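Here is a short report on a structure.

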There are 2 protein chains.
Amino acid sequence: MLQKPSAVDRDLRVDAERNRGRILDAARVVFSEQGLQAPMIAVARRAGVGIATLFRRFPTRDDLITAVFADKMQAYAHVVEVGLADPDPWHGFCRCVETICQMQADDRGFTDVLTVVFPSAAAFEAERNRAAARFTELIEKAKATGKLRDDFVHQDMIMVLMANAGVLAATTEAAQETWRRLVAYLIQSFTAEAAAPLPPPATPEEVTESLVRRSGAQAEA
Amino acid sequence: MLQKPSAVDRDLRVDAERNRGRILDAARVVFSEQGLQAPMIAVARRAGVGIATLFRRFPTRDDLITAVFADKMQAYAHVVEVGLADPDPWHGFCRCVETICQMQADDRGFTDVLTVVFPSAAAFEAERNRAAARFTELIEKAKATGKLRDDFVHQDMIMVLMANAGVLAATTEAAQETWRRLVAYLIQSFTAEAAAPLPPPATPEEVTESLVRRSGAQAEA
DNA sequence: CAGCAAGTGGAGAAGTGATTCCACTTGTCT
DNA sequence: AGACAAGTGGAATCACTTCTCCACTTGCTG
């Protein structure tokens, strides 16, 4: 569904469309290897097009990022659906957390995408929100089984993504499996048996509010 | 101890020494607020000196960083000593983890310092290693009480630092307490009761090997 | 197959940050 | 006080990116 070009990209000339595809492919690789801040020229070169072509098609970096990761964001939402479909919600929950963290480990760019908001990309953010809503359902189902601790909230999943991102960013090849251990530790602490008092979570609004923005206001640091 | 200038900085002229101090003070603030990659010019301006002065005194960024954080690294090691002195090793262990993570939350620059190795700063790294060795002792004592799970290894503490760094990097004011919840979750999963099988940790060598290097080979990304 | 809008590549303008150079100032020592 | 090594600031240079402009192709349509 939703495959034919919408108003935005009303039939590009075939060669232009082909270049667009090449850019997307190149960016996928470059972002995955170097992260989201990779120089645009690197993408253009890999795609075998001029920089102008890249900029003409994707005026801002965010346009490129959201186009590149649209499918991964969809895959991300799909992982939640799969977890929800699991007859054992706790098992589904765990698989879901693990799979998503695996996706981060597989793609440094995606890791960043998950902890950054792109206010200008409505469709993209809608997908993220859809996944979030479904994940919240999964949380409730998992709690109902008595396996997931009662005070777990959706914000905690985002926290996991951020923590995992930190481990992935700090470890290179030599210890690249470290993230698995982190996730295993965390999942164990999410079990009802482990439950002991926790500091209160931020509200969902605060978390969203808090996520690094993208739009030029980037890292005004 | 070790207060008089060693061979390296054999008596600077008083004005030069004063400027050196100003630079250090300025850098402390700037790194804390903006992270380690803050422009050198920002430090110089804040210190009220010319860039040349900064570069003359600290030829590389790492020289400045290690000078700035020498005391924090010492404080870091001290926190471990305090933990070790606690009559209840498990309590000492928990306080130690919490306090160090608090130090990260308080200083974005220090957060980075903890997950990066500075091969050129021997004294600095020596302090880090000393802390690591002492922390390993603390781990053993805590295990002996039966509170800390048996499969906990020193590398896990580094993992905590990296994870915490990720949360801190991704959250701004709005959800700035999120890290506390992460740490609480993790500590709960470090208790012996919570213990369930984990993926194997990387070896200490792998972790060190893996930590992002600093020396120009920085982020060749 | 001509005509032209669509599309292209790459040079260059502009911004940012690191690092060097050097003419000028200032402690310090006698 | 005079001499001079030590120290200083900032302009200049270099490296790197983003982003624009424009002269030159190339699909597409009649």
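## Chain-chain contact

The contact takes 39 residues from chain B and 39 residues from chain A. Two residues are in contact if their C-beta atoms, placed from the backbone, lie within 7 Å. On the side of chain B that touches chain A, helix H8 (154-170), helix H9 (178-189) and helix H10 (204-210) of chain B each give two or more residues. Helices are DSSP runs (H or I, at least four residues), numbered from the N terminus. By class, this side of chain B has 23 nonpolar, eleven polar and five charged residues. Ala, Val, Leu, Ile, Met, Phe, Trp, Tyr, Cys and Pro count as nonpolar; Asp, Glu, Lys and Arg count as charged; the others, Gly among them, count as polar.

The model is predicted: local features need pLDDT of at least 70, side-chain atom pairs count only at pLDDT 80 or more, and totals for chains, interfaces and linings use all residues. Residues are numbered from 1 along each chain as its sequence is written, while chains are lettered from A and ligands numbered from 1 in the order in which they are written.

## DNA strand C

DNA strand C is surrounded by 21 residues. A residue is near a strand if its C-beta atom, placed from the backbone, lies within 6 Å of it. The closest are A:Asn19, A:Gly50, A:Ala52, A:Thr53 and B:Ala52.

Both chains supply this surface. H1 and helix H3 (51-57) of chain A each give at least two residues, as do helix H1 (14-34), helix H2 (40-47) and helix H3 (51-57) of chain B. H3(A) has the largest share, with four residues. The classes are twelve nonpolar, three polar and six charged.

## Domains of chain A

Chain A is assigned domain 1 (14-59) and domain 2 (69-210). Such bounds come from an automatic or database domain assignment. The C-alpha centres of the two domains lie 29 Å apart. Four residues of domain 1 are in contact with four residues of domain 2. The domain 1 side of this contact divides into two nonpolar, two polar and no charged residues.

## Helix pair H1 and H2 of chain A

The axes of helix H1 (residues 14-34) and helix H2 (residues 40-47) of chain A come within 8 Å and cross at roughly 125°. Axes are lines fitted to C-alpha atoms, for helices over the stretch in contact; angles run from 0 to 180 degrees between N-to-C directions. H1(A) and H2(A) are therefore oblique to each other. Angles under 35 degrees count as roughly parallel, over 145 as roughly antiparallel, 65 to 115 as roughly perpendicular and the rest as oblique.

H1(A) contributes A:Arg22, A:Ile23, A:Ala26, A:Ala27, A:Val29 and A:Val30 to the contact, and H2(A) contributes A:Ala42, A:Val43, A:Arg46 and A:Ala47. Eight of these residues are nonpolar, none polar and two charged.
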